[in-house]
Amino acid sequence: MGDRISVEVVLKEGERFDDLERNHYRIIQNPEKFCFGMDAVLLSGFASVKSGEHAVDLGTGTGIIPILLKAKTQGKHFTGLEIQEESADMARRSVAANELSRDIDIVTGDLCVASKIFGASVFDVVTTNPPYMNDQHGLKNPAMQKAIARHEILCTLDDVVREGTKILKPGGRFYMVHRPRRLAEIFAVFEKYRLAPKRMKFVHPYIGREANMVLFECTRGGGAQVRVEAPLVIFEKPGVYTREITEIYGY
């Protein structure tokens, strides 16, 4: 058995506990399988969950976004939906270790049928950090858990937006991080499901470099105006984060 790190919480072989630098929260990860990336942290800093609101994270992995949103926002309750039981199990143990079981639920299930799992129009906020690469993009990672997280093997962009829209209340907010190269496709899918983009923020590794991520806030219903916010730059120089990034991480 692994090392006992909290009451009733045990690390399994290959797992570790990482400090999230927020509210003393920690998260269980297995670097041989999959660890959360900066995109999840940036999405948690971009999303807004207001007092009394209920939020769900589609494809939550090990639960990083619900845990960070609990730390950063005034939301009432958070849910993570994850199809891979091993990841969902790590998420549940992280929630328990942080004593957040009343605030966060982790559900094992397929986001392609999220509206059947939860019902229609039930959440104020949906967040998602979906697989970025379709069958035409990139080499599939031989580790299946990583491949599922990065490639559209178990779900497509269409699935994510369709189900995210269905489970949102009218006027609810949908937050997503994705790749700029798929921007035309993303807007087409938003339009298909009548999800109205309201805010966009491009993320650049350095000043003068092309954007490698883009953050979206959309609403279910509403007008067609979208605000493109000032870009977010990750590094001042190699190995040195910009002040905005350090604030998002809470360093």
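The model before you is a predicted one, in which local features need pLDDT of at least 70 and side-chain atom pairs count only at pLDDT 80 or more, while totals for chains, interfaces and linings use all residues. Residues are numbered from 1 along each chain as its sequence is written, and side-chain values use heavy atoms, with hydrogens and water left out.

Is K201 buried or exposed? Its relative accessibility is 10%, and therefore K201 counts as buried. Buried means under 20% relative accessible area, exposed means over 50%, and partly exposed lies in between, with a 1.4 Å probe and protein chains only. The side chain of K201 reaches the backbone oxygen of A230 at 2.8 Å. Leaving aside neighbours within four places in sequence, K201 is in contact (heavy atoms within 4.5 Å) with several residues, including F46, M213, E229 and E244.

Let me now step back to the whole chain. There are 8 helices and 15 strands. Of the 251 residues in the chain, 52% are buried. Among contacts with a separation of 6 or more, 68% are between residues 24 or more positions apart. The chain exposes about 12100 Å², and carbon and sulfur atoms supply 51% of that area; accessible areas come from the Shrake-Rupley method with a 1.4 Å probe, and for residues only the protein chains shown count as cover.

Which strands pair with β6? Two strands pair if DSSP finds at least two bridges between them. Strand β5 (residues 54-58) is joined to β6 by 5 bridges, and these two strands run parallel. Within this pairing, V56 has T79 of β6 as its bridge partner. Strand β7 (residues 104-108) is likewise joined to β6 by 5 bridges, again in parallel. Here G80 has I106 of β7 as its bridge partner.

Strand β5, helix α2 (residues 64-72) and β6 make a right-handed β-α-β unit. A crossover is right-handed if, with the strands pointing away from the viewer, the path from the first strand over the helix to the second runs clockwise. Strand β6, helix α3 (residues 85-97) and β7 also make a right-handed β-α-β unit.

Two further helices deserve attention. Helix α1 (residues 38-46) is mostly covered, with 8 of its 9 residues buried. Among them are M38, D39, V41 and F46. In helix α6, 9 of the 11 residues are buried, so this helix is largely enclosed by the rest of the structure. The buried residues of α6 include D159, R162, E163 and I167.

R162 has its place in helix α6 (residues 157-167). With 17% relative accessibility, R162 counts as buried. The side chains of R162 and D159 are joined by a polar contact of 3.0 Å. A polar contact is a pair of N or O atoms within 3.5 Å; within protein, one must be able to donate a hydrogen and the other to accept it, and residues adjacent in sequence count only if both atoms are side-chain atoms. Not counting residues up to four places away in sequence, R162 touches C112 and Y193.

Next, a loop. N23 lies in the loop between β3 (16-19) and β4 (26-29), and H24 is found in the loop between β3 and β4 as well. Phi of N23 is near 55°, a positive value in a residue other than glycine; for H24, phi is near 65°, also positive in a residue other than glycine. N23 counts as partly exposed at 44% relative accessibility, whereas H24 is exposed, with a relative accessible area of 76%.

Finally, the cysteines. How many disulfides does a search of the whole structure find? The search finds 0, a disulfide being a pair of cysteine sulfur atoms within 2.5 Å. C35 counts as partly exposed at 23% relative accessibility, while C218, at 0%, counts as buried.

Definitions and conventions. Helix = DSSP H or I, 4+ residues; strand = E, 2+ residues; numbered from the N terminus.
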